[in-house]
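Student: Could we go through this structure together? I would like to know how its inside is put together.

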Amino acid sequence: MKKIAIIVNKGKPEARIVARELLYLIEVRGARVFLDENIASDLGRSELGASIEEIGREADLVCVLGGDGTLLGIARQLAGRSIPIFGINLGTLGFLSEAEPEHLPHAVDNLLSGKYDIEERAMLEASLVRKGSTLGTYTAMNDIGIAKGSFCRIIQCAVYLDDAYVATFSGDGVIVSTPTGSTAYSLSAGGPIVAPNVDMLLLTPVAPHSLTARPMVLSSDQVIRVEVDAIHQEMGLSIDGQFGYRLEGGDHIYIKKSPFVTPLIRWKKGGFFEAIRTKLQGEWE
């Protein structure tokens, strides 16, 4: 018996309706369901409620109902668990999702019959070091951002690859992203689109005060070190653009490929490039 967890972003208008239908489709086919404890009572099924820790221990796969941001948050929480994640898009772009709500019956059939592939997406590990002490270590699926505050002057980001000096970027900051994150913040800052199966790290300067600063493709086997400085203290470190920490001048951020990956469930051939065509270039079919 497959054990399938359903995690829902309750803030999406369709969330409860889609979750209720998905629950019915899975149970009628004889699989066991865990419901995110934040939605279980709303669906009248409190007995199925489970915490993210319980889901991480017990579930065979996880269905995430929401947008890309919802999936990113769950991927971080489940990092290291090796549980396949299936995204059902209730957001706008939905780059990380594999199905839309209207395709639920077909999606459930594929999930329960094993008619899918697993696509392992690389993650990042970042450590914040201040005056020789590590203040925290964080995991990201999309990107690590280092940026100035909204109304502040530029910051300087000195970048090193292992111990080799690369460059100092003066501007709004820098982004280090995975291939998955190349279609997120990095893209809006002028970075390239990178296919998800390419093994690399992407360094993208944000609004650099230079005519020659360009995004860089770097080896995933090396450690990127960024030393920040500014005449002000309005600097921050962001993790997948979802939460962050205040930085101080002289802080060092060490970024490398994480030992964890996010397993995404896929069955559409060429789905990444289809998403590029339809969701970024407007070629709706």
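Predicted model: local features only at pLDDT ≥ 70, side-chain atom pairs only at ≥ 80, totals over all residues.

Student: Understood. Which residues touch the most other members of the largest nonpolar core?

Tutor: They are I6, L22, I26, L35, C63, L65 and F86, out of 30 residues in that core. As a general point, nonpolar side chains tend to be buried together in soluble globular proteins.

Student: Which helix or strand gives the most to this core?

Tutor: Helix α1 does, with 7 residues. Other elements supply at least two residues each, including β1 (3-8), β2 (32-36), β4 (61-66), β5 (85-89) and α5 (104-113).

Student: And what is I6 in contact with, leaving aside its neighbours within four places in sequence?

Tutor: I6 is in contact with L22, L23, I26, V33, F34, L35, D36, C63 and L65.

Student: What lies apart from that core?

Tutor: There is another core, of 29 residues, and Y138, I146, V176 and L218 are among them.

Student: Which way do the residues of β12 point?

Tutor: L201, L203 and P205 point one way, while L202, T204 and V206 point the other way. In a regular strand, side chains alternate between the two faces of the sheet.

Student: Which strands pair with β12, and are they parallel or antiparallel?

Tutor: Strand β11 (residues 173-177) is joined to β12 by 5 bridges, and the two run antiparallel. In that pairing, G173 stands opposite V206. Strand β13 (residues 216-218) also pairs with β12 in the antiparallel sense, over 3 bridges. There, V217 is the bridge partner of L202.

Student: What lines the largest one?

Tutor: Its lining includes A75, L78, R81, I83, V261 and P263. Strand β17 (residues 252-266) gives the most to this lining, with 3 residues. By class, the lining has 7 nonpolar, 3 polar and 1 charged residues.

Student: And which residues line the second largest cavity?

Tutor: F95, L96, R121, T180, T183 and F272 line that cavity. They divide into 3 nonpolar, 2 polar and 1 charged.

Technical notes:
Residues numbered from 1 in each chain as written. Heavy atoms only, no water. Core = buried A, V, L, I, M, F, W, Y, C linked by side-chain atoms within 4.5 Å. Buried < 20%, exposed > 50% of the residue type's maximum accessible area, 1.4 Å probe, protein only. Helix = DSSP H or I, 4+ residues; strand = E, 2+ residues; numbered from the N terminus. Contact = heavy atoms within 4.5 Å. 1 Å grid on protein atoms, 1.4 Å probe; cavity = no way out; pocket = protein on both sides within 12 Å on 5 of 7 lines; lining within 4 Å. Nonpolar A, V, L, I, M, F, W, Y, C, P; charged D, E, K, R; others polar. Pairing = 2+ DSSP bridges.
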